[in-house]
Every structure is written in C-alpha cells, then in structure tokens.
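Welcome! Keep the picture beside you and look up each residue as it comes along.

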Amino acid sequence: MSKLDRSRIAIMNIHYQYHPLHVFMEAMERHDIANIDLWAGYPHFLVNEATFDDAARLRREIRRRGLRLICFTPKQGGYPINIAADDASLRQQSLDYLIKCVEMAAELEAPMLQLLPGWGFYNEAPDAARERSCEGLRRIADRAGALGVTSVLEHLQLIESNLALTCFDLRTMIRQVDSPHLKAVVDTCHMAVAGETLGDYFAELGDDLIHVHLNDSDQLPLGEGRLPIGDYVRQLEQQSYAGYVSLEICSRKHYIDPDASLRTSLHTLDRLLH
C-alpha cells in the first residue's frame with residue numbers, strides 16, 4: 001500500500017484564471033503545496049504568444065518559490081484546437097500548436113504533458129475522427145518523448161468529445177497510437193459520469209495509468225459535490241498508486257474567490273489523509 005500525502009498532491013491553476021499567475025503561486029506557498037499542474041491559458045501562459053525566453057523565466061520563478069511543475073496542461077478543449085478535425089488546415093494548426101506546447105513543456109522541465117483526443121462530428125461514426133486523433137497523438141507523443149516529456153491522455157464526457165468516453169476507449173486509443181511515450185490520466189469526475197471505478201482503470205490500463213485528477217462531481221471543490229472522494233483515496237492507496245494527484249476546480253462560480261475554493265478542497269483532503 002502506497003500512502004497518499006501532501007507530497008504527491010498538485011494543484012491546477014485553472015480556477016485562478018481571473019487573477020495573475022503570481023497570485024496562484026503565492027497561494028501555493030501559503031498553503032504549503034509544492035506541486036503545480038500548470039494550465040496554460042490566458043492570462044497565465046498563452047502558448048501561441050509565448051517565447052522560450054518566457055518559458056525559461058517562468059521556470060526560474062517556479063524554482064525560486066520552491067515549487068515543482070509536475071504537468072503542463074495546455075488549453076485545448078475547444079475551438080480552434082482539435083487534432084481530430086475533419087478540416088485538414090485546422091487539424092494541422094492544432095498539431096502545430098500542440099507540438100509547440102511540447103517544446104514549452106520541455107523548456108519548463110515538466111515531466112508530463114496532458115493531451116485530449118479532440119472530437120469528430122456527432123452525426124457521423126467516430127472511426128475516421130478517432131483515426132485522425134491517433135495519428136496526431138502519435139506525432140505529439142513521439143516529439144515529446146524525444147524531449148524527455150511523457151504525454152498523458154485524458155478521456156472526456158460526451159458533452160466534450162465522442163472519441164474516448166470510458167477507460168476501455170482510453171486503452172484502445174493508447175494501443176492504437178502505439179507510442180511508448182503516451183500514457184493515461186484518469187479524471188474521477190469523468191470516470192463517475194461513465195459509471196466506472198478506479199479499479200476499472202487500473203485493470204484496463206495497468207502501468208499505463210500514471211496520473212490522476214482527483215475531482216468531485218461537476219469538478220466542484222472537493223467535498224462540495226456528490227462523489228465519494230474518501231473511497232477514491234483509499235482505492236488509490238490499495239492499488240499502491242505512487243504517482244501525483246492533481247486537484248482541478250472547473251466550476252466557474254468558484255473562480256471568483258479561488259483561494260476560498262482551494263481551502264475547501266484542501267480541508268476536505270487533509271481530513272481524508274489523516
């Protein structure tokens with residue numbers, strides 16, 4: 001059994017997006033959290049506009065504060081980023097963007113890069129779109145591997161994608177991509193929507209499951225939703241999961257006072273970890 005504690009907890013900055021990035025990093029210092037999962041979106045780190053000098057400065061600032069970047073999570077969940085797009089020009093633009101994300105992740109010395117599968121037209125069978133997605137994922141993962149970065153693929157909900165909705169879909173796509181540099185991340189919110197358990201993911205994915213998003217229902221702060229977070233913590237420990245666990249709050253009303261939302265999650269988590 002691998003005991004989960006704060007040394008393996010990471011916080012994603014997405015719910016601080018109405019505040020400067022330094023406000024998020026100051027909050028990490030106040031709450032004694034060392035690990036960050038960097039959501040790369042406006043205004044914190046806009047990949048399209050960023051230079052490698054910008055990435056190097058951010059890397060130095062993260063280190064100066066005694067923080068550790070454990071994953072680079074590019075903004076990619078909506079137009080105009082879709083590596084499965086039917087339009088070849090949009091697909092190539094998406095691929096170029098994500099390759100730049102790979103290179104930024106390497107400059108930031110992030111060990112992991114999170115990827116999403118994109119989506120196909122919902123009035124068509126998803127097979128062709130899934131094939132396009134896997135082709136793009138293979139190119140991104142191989143480029144990342146060459147730079148020492150491991151890519152992790154997350155499945156989504158039907159309101160976000162029709163290409164990977166379950167742990168079985170996730171395993172199928174990873175096998176189809178067939179790159180040693182592409183692994184899996186499970187989001188417990190998406191997992192619950194799919195009617196699955198953490199045991200299903202460990203059984204289907206085995207050693208390919210290397211990252212976890214510990215999220216409540218509707219990606220609310222931990223303890224405000226309906227999911228059995230305590231059970232998830234115990235299952236991770238029983239599975240001897242030894243990787244990082246990211247907390248991600250994607251409920252927009254919780255963006256107004258992000259520190260209060262973070263306190264709620266950490267209070268819930270600390271109670272469960274002791």
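## Starting from M104

Let us begin with M104, which touches F45, V47, A50, T51, F52, A55 and F72, not counting residues up to four places away in sequence. Keep in mind that this is a predicted model. M104 sits in helix α3. Is M104 buried or exposed? M104 counts as buried, because its relative accessibility is 0% and the limit for buried is under 20%.

M104 and I36 are 68 residues apart along the chain, and their C-alpha atoms are separated by 16 Å.

## Aromatic pairs

The model has four aromatic pairs. In one of them, the ring centres of F45 and F72 are 6.1 Å apart and the planes stand at 85°, so this pair is edge-to-face. The pair links distant parts of the chain, with F45 in the loop between β2 (35-40) and α2 (52-64) and F72 in strand β3 (residues 68-74), 27 residues apart. Both F45 and F72 are buried.

Another edge-to-face aromatic pair is formed by F202 and Y241, with 6.3 Å from centre to centre and 65° between the planes. Which parts of the chain does this pair tie together? F202 belongs to helix α7 (residues 198-205) and Y241 to the loop between α8 (229-238) and β8 (245-247), so the pair joins parts that are 39 residues apart in sequence. F202 counts as buried at 15% relative accessibility, and Y241 is buried with a relative accessible area of 5%.

The axes of α7 and α8 come within 10 Å and cross at roughly 30°. Angles under 35 degrees count as roughly parallel, and α7 and α8 are therefore roughly parallel to each other. On the α7 side the contact is made by L198, G199 and F202, and on the α8 side by Y232, Q235 and L236. The residues of this contact divide into four nonpolar, two polar and no charged.

Now look at the loop between α8 and β8, where you will find Q239. Leaving aside neighbours within four places in sequence, Q239 is in contact with G199 and F202. Q239 and G199 are 40 residues apart in sequence, yet 8.1 Å apart in space, C-alpha to C-alpha. Q239 counts as partly exposed, because its relative accessibility is 38%.

## Backbone details

Some backbone angles are worth a look here. Most residues other than glycine have a negative phi, and most peptide bonds are trans. Where does this chain depart from that pattern? One place is S240, whose phi is near 55°, a positive value in a residue other than glycine. S240 lies in the loop between α8 and β8 and, at 38% relative accessibility, counts as partly exposed. D32 also has a positive phi, near 60°. D32 is in the loop between α1 (21-30) and β2, and its relative accessibility of 63% makes D32 exposed.

Next come the peptide bonds. The bond from Y42 to P43 is cis, with omega near 5°, and P43 is found in the loop between β2 and α2. The bond from Y79 to P80 is cis too, with omega near 10°. P80 lies in the loop between β3 and α3 (88-107).

## A polar contact at Q157

Our last stop is Q157, in the loop between β5 (150-154) and α5 (167-177). With which side chain does the side chain of Q157 make a polar contact? The partner is the side chain of H190, at 2.9 Å.

H190 is also among the residues that Q157 contacts when neighbours within four places in sequence are left aside; the others are L165, C189 and V193. Q157 counts as buried, because its relative accessibility is 16% and the limit is under 20%.

Note on methods:
Residues are numbered from 1 along each chain as its sequence is written. This is a predicted model: local features need pLDDT of at least 70, side-chain atom pairs count only at pLDDT 80 or more; totals for chains, interfaces and linings use all residues. Side-chain values use heavy atoms; hydrogens and water are left out. Helices (H or I, at least four residues) and strands (E, at least two) are DSSP runs, numbered from the N terminus. Buried means under 20% relative accessible area, exposed over 50%, partly exposed in between (1.4 Å probe, protein chains only). A polar contact is a pair of N or O atoms within 3.5 Å; within protein, one must be able to donate a hydrogen and the other to accept it, and residues adjacent in sequence count only if both atoms are side-chain atoms. Contact means heavy atoms within 4.5 Å. Rings of Phe, Tyr and Trp (its six-membered ring) pair if their centres lie within 6.5 Å; planes under 30 degrees apart count as stacked, over 60 as edge-to-face and the rest as tilted. Axes are lines fitted to C-alpha atoms, for helices over the stretch in contact, and angles run from 0 to 180 degrees between N-to-C directions. Angles under 35 degrees count as roughly parallel, over 145 as roughly antiparallel, 65 to 115 as roughly perpendicular and the rest as oblique. Ala, Val, Leu, Ile, Met, Phe, Trp, Tyr, Cys and Pro count as nonpolar, Asp, Glu, Lys and Arg as charged, and the others, Gly among them, as polar.
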